[in-house]
Every structure is written in structure tokens, then in C-alpha cells.
Amino acid sequence: MAKARRAQARRRLDENKEDKAVLDLSGDLAAAKAERDRPPVWAAGIDPRSYYHPGKVAARQAAQPTPAPQVKRAAAAGVADLRTPFQRSRQEAAQQAAHPHQEDQDNPGQAERMSAAELRAEIARLRPPPLREVVERQPELVTARQSSDTLAEQWRQAQAMAAEAGRELENWRSAHPVRAKAHDSGLMRAAVLVETEQRRQEAEAQRQRLAPRVEAATEHLKRTRSSVEERVKLEQAQALAKVAELERIERQRQDQEQADRAKAQELDEVLSAFKGHALKRETKSLGYGDTGQQWNAIPEPLRKVIEDFNRLPQEARPVVLERMRENMQRDPQGVETFRQGLQSARGNDRGMSR
């Protein structure tokens, strides 16, 4: 008996493990277990008490809930379908990286729901770098600029060498006027003058050869910069238009938020004055008795509101004040009437009686 119970326990453990493995692979435990429990062709003659008897298999199948159609499809498709959501997530992430501003186009009204601070952050994110900065970084312009700078530097060096040789000739002639005169007359050639004059002429020839190339490189640089600038402008046009639109909305939002703050401040002042009058009436302060001038200067409807408020328990008063705030937010004219009514009690502080 003990051996049979252990065997049965091991069989149940194996079934549970097998069920879990099937579920992990297919997602449809019922369909997988039915396939597993289908008796072999020779099962007609097996013991009716056996776990694999057709009757017991049918009973187990009837006890299992009918799988939903989507579960059946997932089981039929196999493990690949279980990976589909993850693959789709990766594809969406790749598309988002390729088109970082696609969500702005898909949700054109999203900016309308942003605060001014959120709009400023979005503008900073979308605003392209300065045009000149982008243009100067373009590879074709970098190449043209390097070529122009190289030729210009070579031209400057040739000019400097020619000028230096000219100064050397002038200095030598000043220091040796007799030998220079003999050299010029052909009586006695001066090797220093010959060599220096040759260097000057070579440098001057080099400068003249480089001059048209420098000019051509300069013109090419200008044309390249102009072409690149036009292309970058076109590339940035959509982003700049979006930034301009967001800046317009941000200015409107700033005005609206400023108006909301002013309105909230006005409501705070009105409710603070209301609480002050209610407290004075509740404590029967000077001028707030039944015959007090300040109390009677308040319009009758507003006095009734104050009396009703003072009859509330302390814990209910903040809730009522919040409701009053909400009502006033929907009725600006009512706020002004309420404020004027509370201000009626001011200026009646002379000859007050209780």
C-alpha cells in the first residue's frame, strides 16, 4: 500500500510538471493535455481503472473549460506567436528611433494639453541647432573650406617668401653699395644677389600661379556654402514650423496661466475675506453683533450664507469652501458680486455697536 501511494504521488507530480511544460510552450493547457491523454490505438483493451482509459480521458476533457478561440489560435501557432508581442515592441522601438517626432504628428492635439513649462521643454527638444552651425559641419563644405584654406596658406607663404627675399636684397645693397653697383654694371657678379634674386622670382612666380587657384577655391567655397545652406533650410523647415507653432501655443498658455493665477489669487482673497467675516460674526466681534454696523452693511443674502457657514461643523467647512471656490470659478460675475458684498462692511468702523 505504501509503495502504491508513493507511485501515485510521483505520477501526480510528473503530471503537474508535464502540464506546466506544455503550458509554457503552447499557452493552451487544455488542448495540450487532451493531445497528451489521447489513448493509443491499442487502448481499447486497457484496464478501465487505468489513467489512460478512454472513459477517464473523456471525463477529464469534459471537466476542462473550453479554451477561448484566441487561446486555440495561439496553441496552433506555437511558440512563435508568444514571441510576437515582444517582436512588435522591438519593431515599434526601432520605428520610434528612426522617426523621433512621429508621435507629434500622430497626436496633433497633444500640445494643446501641455502646460507652458512642458511646451518650453518640448520646444527646446524640437528646436534644430543654429543654421550656421549645421551648415559648417556638412562634409562637402568642410572639404571645400579645407581646400580653400590650404591654397590660401600656400599663396601667403609664397608672398611672404618673395617679400623676405626683396628685403634681403635691399639690405645687402644698402650694406654693400660698391659691390652692388659693380654687380649691376656687370663688372663683378655678386653670388648673394644672384641667389636671393632667384629665390624672390621663384616665390613671386609661385604666388602668381596660386592666385587664380585661390580665387577659384574661394568661389567654390561660396557656392558650396550657399547650396548647403539652402538644403539645410529645407531640412529644418518642418521642425522650425513645429517650433513656431509650439511657441505660439506656449505664449497663449503663458497668458492663460497668468490669468488663472490672477483668478486664483482673487478667489483666495475673496474666500479669505469671507472666512474673516464669518469668524467675526461667529465670535460676535465689535461691529458684528445683530445690530452691528459692519454686519448690517453686508447684503442680506451674503449674511445668510455666512450664518449657514457658521452652523457647519469645523470638519465640514474646508469642503464647503472648496465647493464655493469651484462655483466661483464657473461664475466670474458672481465672484465680483460676492467681493463687493464683503467689501460693504469696510468703512463702517465708526460708531460701531454690537
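How many residues apart in helix α11 are arginine 231 and glutamate 235? They are 4 residues apart, so about one helical turn separates the two. In this predicted model, their side chains meet in a salt bridge, 3.5 Å from N to O. Arginine 231 is partly exposed, with a relative accessible area of 31%. Glutamate 235 reaches 53%. The cut-off for exposed is over 50%, and glutamate 235 therefore counts as exposed.

Helix α11 holds another such pair. Glutamate 229 forms a salt bridge with lysine 233. Their closest N and O atoms are 3.6 Å apart. Both residues lie in α11, 4 residues apart, or about one turn of the helix. Glutamate 229 has a relative accessible area of 26% and is partly exposed. Lysine 233, at 38%, is also partly exposed. An α-helix has 3.6 residues a turn, so residues three or four places apart point the same way.

A further pair is found in helix α13. Here aspartate 308 forms a salt bridge with lysine 304. The closest N and O atoms are 3.1 Å apart. Aspartate 308 and lysine 304 are 4 residues apart in α13, about one turn of the helix. Aspartate 308 is partly exposed, at 31% relative accessibility. Elsewhere, salt bridges that share partners join Glu136, Arg145 and Arg225 into one network. The structure holds 25 salt bridges.

Attention now turns to the nonpolar residues. In soluble globular proteins, nonpolar side chains tend to be buried together. The largest nonpolar core of this model has 18 residues. Phe274, Ile298, Met324, Met328 and Phe338 touch the most other members. Four helices each supply at least two residues of this core: α11 (191–282), α13 (300–310), α14 (317–330) and α15 (332–343). The largest share, 5 residues, comes from α11. Another core lies apart from the largest one. This other core has 8 residues, among them Ala111, Met114, Ile123 and Ile249.

Helix α9 covers residues 139–175, a run of 37 residues. At 1.5 Å a residue, α9 should span 54 Å. Several residues of α9 are buried. They are Leu141, Ala144, Ser148, Leu151, Ala152, Ala158, Ala162, Ala165, Leu169 and Trp172. What covers these buried residues includes α8 (131–136), α10 (177–185) and α11.

Serine 148 belongs to helix α9. Is serine 148 buried or exposed? Its relative accessible area is 6%. Buried means under 20%, so serine 148 is buried. Leaving out residues up to four places away in sequence, serine 148 touches Ala217, Thr218 and Leu221.

Methods
Residues numbered from 1 in each chain as written. Predicted model: local features only at pLDDT ≥ 70, side-chain atom pairs only at ≥ 80, totals over all residues. Heavy atoms only, no water. Core = buried A, V, L, I, M, F, W, Y, C linked by side-chain atoms within 4.5 Å. Buried < 20%, exposed > 50% of the residue type's maximum accessible area, 1.4 Å probe, protein only. Expected span 1.5 Å × (residues − 1). Contact = heavy atoms within 4.5 Å. Salt bridge = Lys/Arg side-chain N within 4 Å of Asp/Glu carboxyl O.
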